[in-house]
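Subject: Handing over a structure

Hi,

Here is the structure I said I would pass on to you. Have a look at it first, then read my notes below.

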Amino acid sequence: LINGIYQIESGGGRNMGPSRSGAIGPFQFMPATARWLGLEDPMDTASSANAAARFMQYLMNRFSGDLEMAAASYNWGEGNVRRQVSLLGPRWRDLR
């Protein structure tokens, strides 16, 4: 799972940012999320991988083990996912 996030978020370290939204590093953390996770150097692959695993665990707990919602939240933001679920119900998955 963490390798998949690494591949999707930064192309396996080829696109380390900053992205248009301001995310940086191999796991594309937004600065506020990096601070919240205690990630001092988002460009460091090892510490970022650890933070990504902790963040995914947090998201899995928040979404009652729903991997699809947790993964979407990692990439799109928890608030965006919750908003779309509220608006569209299960059809939010059709937004891909």
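How many helices and strands does the secondary structure of the protein chain come to? The tally is 5 helices and 0 strands, where helices (H or I, at least four residues) and strands (E, at least two) are DSSP runs numbered from the N terminus. Before you go further: this is a predicted model, in which local features need pLDDT of at least 70 and side-chain atom pairs count only at pLDDT 80 or more, while totals for chains, interfaces and linings use all residues. Residues are numbered from 1 along each chain as its sequence is written, and side-chain values use heavy atoms, with hydrogens and water left out.

Overall shape

Of the 96 residues, 33% count as buried; buried means under 20% relative accessible area, exposed over 50% and partly exposed in between, with a 1.4 Å probe and protein chains only.

The core

The largest nonpolar core has 19 residues, and F27, F29, F55, M56, L59 and Y74 have the most contacts inside it. Such a core is a set of buried Ala, Val, Leu, Ile, Met, Phe, Trp, Tyr and Cys residues joined through side-chain atoms within 4.5 Å. At least two of its residues come from each of α1 (2-10), α2 (31-37), α3 (45-62) and α4 (67-76), and α3 gives the most, with 5.

Take F27: leaving aside neighbours within four places in sequence, its contacts (heavy atoms within 4.5 Å) include I2, I5 and Y6, as well as S48 and Y74. S48 itself is found in helix α3 and is buried, with a relative accessible area of 0%. Not counting residues up to four places away in sequence, S48 touches P26, F27, F29, L39, D41, P42 and M43.

The largest pocket holds about 380 Å³ of space. Of the 18 residues that line it, A23, Q28, M30, Y74 and N75 are the closest to its centre. On a 1 Å grid over the protein atoms alone, a pocket is an open set of points where a 1.4 Å probe fits, with protein on both sides within 12 Å along at least five of seven lines; lining residues have an atom within 4 Å of a point. Grid points are joined across faces, edges and corners, and the volume is the space filled by probe spheres set on the points. α4 gives the most to the lining, with 4 residues.

A cis peptide bond joins G17 and P18, with omega about 5°, and P18 lies in the loop between α1 and α2. Q28 is found in the loop between α1 and α2 too. Phi of Q28 is near 50°, a positive value in a residue other than glycine, and Q28 is buried, with a relative accessible area of 11%. S64, in the loop between α3 and α4, is not a glycine either and has a positive phi of about 50°. S64, though, is exposed, with a relative accessible area of 73%.

Cheers
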